[in-house]
Amino acid sequence: MDTVIFGRTGLEVSAAGLGCGGHSRLGQSYGESTDASVRVVQRAVDLGITYIDTAQAYGTEEIVGKAVAHRRDDVVISTKASPQLLSDNGVVDGDVLRRAVHESLRKLDTDWIDVYHLHGVVDDDYATCVAELVPQLEALRAEGLIRYLAISERFAADPGHVMLQRAVGDDCWDVMMVGFNLLNPSARERVLAVTRDKDIAIEVMFAVRRVLSRPDEVRRVAQELVDAGHLDVGALDPDGPLDFLVEHGAKSVVEASYRFARHEPGCHVVLTGTGNADHLEENVRSICAPPLPSADLEQLRTLFGHLDHLSGN
């Protein structure tokens, strides 16, 4: 397992992180038993994954807690709560946040949370989060209940990173969760250029979602980009728009997508989520594979480097 220093936190963590949300939620979305999901988390730790990302909204905190009950010191746990769930009569409230942290501690069966995110923050809510919730997070950190302050964007609704472009101007965030993939690398200039200078740790989400895992979806999206004038019809093969990645050494478009995110300067942990241990192993191998060839990176930049409206979902 490749490891990295997680920005200014100084933590050494695995480059592959286990995402416990997404479409799968460790298999819970597809009817898997709690025990089966626990085994996926345990397999992740056996593979060398030391970064586990869950959230209040995912419904998987208790699964993570059970899975790492006897290995708590071996992992870094990240969890989150959204501003919409941290309100009292519609008003964002620090006391509600405190109760949410204690509830996550109970479900995770731990005495501390390593990384605590304000989850899926949109631009309209950012100022209120800083004014009302960050002071409570700092108090919780002083009490030893959380270690590092973090924020995640709502990438599907904000693929241009409007909120995070504000957040990088503040010095309170140790960690940020960023949407980044080969169809929308706009975080490169808008977010990562600043977080690299500030040594803010980056969790990458959306490295692979529905579009990049399904050839028919890749073709559909490519055609939509051509029709909208975002791509030159002669710039790609309409039958296999990303086949050049496989022709030059990647085993699949999915593998290439993980490699693209993993080796982007400023990215630290690339999240992968699944309810299947074999699928998990395959994704970990992809994340730990070498960088893509420079010619492929240049072609991706030419094709998609100007795009900021896709999430890949």
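Helices (H or I, at least four residues) and strands (E, at least two) are taken here as DSSP runs, numbered from the N terminus. This is a predicted model, in which local features need pLDDT of at least 70 and side-chain atom pairs count only at pLDDT 80 or more, while totals for chains, interfaces and linings use all residues. Residues are numbered from 1 along each chain as its sequence is written, and side-chain values use heavy atoms, with hydrogens and water left out.

**Largest pocket**

- A pocket is an open set of points on a 1 Å grid over the protein atoms alone, with protein on both sides within 12 Å along at least five of seven lines, and its lining residues have an atom within 4 Å of a point.
- The largest pocket holds about 900 Å³ of space, where a volume is the space filled by probe spheres set on the points, which are joined across faces, edges and corners.
- Its lining consists of 40 residues, and those nearest the centre of the largest pocket are Gly21, Gly22, His23, Val208 and Arg209.
- At least two lining residues come from each of β8 (113-121), β9 (146-153), β11 (201-205), α9 (253-262), β12 (269-272) and α10 (277-287), with α10 providing the largest share, three residues.
- By class, the lining of the largest pocket has 16 nonpolar, 17 polar and seven charged residues, counting Ala, Val, Leu, Ile, Met, Phe, Trp, Tyr, Cys and Pro as nonpolar, Asp, Glu, Lys and Arg as charged, and the others, Gly among them, as polar.

**Second largest pocket**

- The second largest pocket has a volume of about 190 Å³.
- It is lined by 13 residues, of which Arg188, Glu264, Pro265, Leu297 and Arg301 are the closest to its centre.
- Two or more residues of this lining come from each of α6 (187-198), α9 and α11 (294-304), and α11 gives the most, with four.
- The lining of the second largest pocket divides into five nonpolar, two polar and six charged residues.

**Nonpolar cores**

- A nonpolar core is a set of buried (under 20% relative accessible area, 1.4 Å probe, protein chains only) Ala, Val, Leu, Ile, Met, Phe, Trp, Tyr and Cys residues joined through side-chain atoms within 4.5 Å.
- The largest such core has 89 residues, and Trp173, Met176, Leu242 and Phe304 touch the most other members.
- Leaving out residues up to four places away in sequence, Phe304 touches Leu182, Leu183, Pro185, Leu225, Leu231 and Leu242, contact meaning heavy atoms within 4.5 Å.
- A second, separate core has 18 residues, including Val115, Ala150, Phe155 and Val269.

Methods:
On a 1 Å grid over the protein atoms alone, a cavity is a set of points where a 1.4 Å probe fits but cannot get out, and a pocket is an open set with protein on both sides within 12 Å along at least five of seven lines; lining residues have an atom within 4 Å of a point. Buried means under 20% relative accessible area, exposed over 50%, partly exposed in between (1.4 Å probe, protein chains only).
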